[in-house]
Amino acid sequence: MTFNAKQAGSAGGKERIEQAPIDPGTYPGRLVQLIDLGLQPQKAYQGTAKPPMQEIILTYELADVFMKDADDNDVEDKPRWVGETLPFHNLKADKAKSTQRYNAFDPKGDWDGDLSKALGQPINIILVNNKVGDKIYTNVAGLSAMRAKDAEKCPALQNPTTLFSLDEPDLTVFNKLPKWIQTKIQGNLNYNGSKLQKLLGGQKPDEKAPVKEKEAVDSDSPY
């Protein structure tokens, strides 16, 4: 897929340090990852089946919130990431979450619907805490455009941007994605016969890999 909304239909063996949820509020940051998950089934709404939709992952790098070390000190070269998975709607769907996200990045409509231009761009990220069972997750509630003078002061990304599109799949990028995301991409309804399947030598999805749905990000990974 293209990322034009007008056309839309821990490694290394180190011990993981548990990170506290991020306090609710509005935080400066930048879009660091845009990942195409392909055509995915949708959950029924109030008992009514919904048609499949293209889904994307948006991941944001916070400018002033960092991972904590074992002594609860900021690790300033490891900014926190927050991410969300959402259906990718045509911009005509003005109430859709993807449309709201796009409009926050491009309030003047200068990009002609091309969401990929949002990569690396500064944005205000509205975070909330949601409790699921005994665990509290940090989730993205919305975005808002950043004032020009604030955008000029927003720190640059500390990590390289990642763009993965099923229209032009890059195996180097794909192979760096977490296994569960690879599995979900390979499980999309248009995978069979796709460019990605051909690049993978006709490989079928790994049914043994866990596919987890997680809107929250409470570690050094957005997944």
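Q: What makes S2 and S3 a pair of strands?
A: Strands pair if DSSP finds at least two bridges between them. S2 and S3 have ten bridges and run in the antiparallel sense, so they count as paired. A strand here is a DSSP run of E with at least two residues, a helix is a run of H or I with at least four, and both kinds are numbered from the N terminus. This is a predicted model, in which local features need pLDDT of at least 70 and side-chain atom pairs count only at pLDDT 80 or more, while totals for chains, interfaces and linings use all residues. Residues are numbered from 1 along each chain as its sequence is written, and side-chain values use heavy atoms, with hydrogens and water left out.

Q: Where in the hairpin of S2 and S3 is there a positive phi?
A: Look at Asp72, where phi is near 65 degrees. The hairpin has five residues between its strands.

Q: What makes the contact of Lys68 and Asp74 a salt bridge?
A: A salt bridge needs a side-chain nitrogen of Lys or Arg within 4 Å of a carboxyl oxygen of Asp or Glu. For Lys68 and Asp74 the N to O distance is 2.8 Å, so the pair passes. Lys68 also stands opposite Asp74 in S3.

Q: Are Lys68 and Asp74 buried, exposed or partly exposed, and how do you know?
A: Buried means under 20% relative accessible area, exposed means over 50%, and partly exposed is in between (1.4 Å probe, protein chains only). Lys68 has 31% and Asp74 has 39%, so both are partly exposed.

Q: How many salt bridges does a search of the whole structure find?
A: Six. One of them joins Glu55 and Lys184, at 3.4 Å from N to O. Glu55 sits in strand S2 and Lys184 in helix H4 (residues 179–186), so this pair ties together parts that are 129 residues apart in sequence.

Q: Why is Glu55 called buried?
A: Because its relative accessible area is 9%, and that puts Glu55 in the buried class. Lys184 gets the label buried at 9% too.

Q: What about Lys195 and Glu168: which classes do they fall in?
A: Lys195 has 44% relative accessibility, so it counts as partly exposed. Glu168 reaches 60%, so it is exposed. Their side chains meet in a salt bridge of 3.1 Å, N to O.

Q: Which residues have the most contacts inside the largest nonpolar core?
A: Tyr60, Leu115 and Ile125, in a core of 28 residues. S2 gives the most to this core, with five residues. A nonpolar core is a set of buried Ala, Val, Leu, Ile, Met, Phe, Trp, Tyr and Cys residues joined through side-chain atoms within 4.5 Å.

Q: Which residues is Ile125 in contact with?
A: Contact means heavy atoms within 4.5 Å. Leaving aside neighbours within four places in sequence, the partners of Ile125 include Tyr60, Leu62, Val82 and Val140.

Q: Why is Pro28 called partly exposed?
A: Because its relative accessible area is 24%, Pro28 lands in the partly exposed class. Pro28 is in strand S1 (residues 25–40). Leaving aside neighbours within four places in sequence, its contacts include Leu62, Ile123 and Met146.
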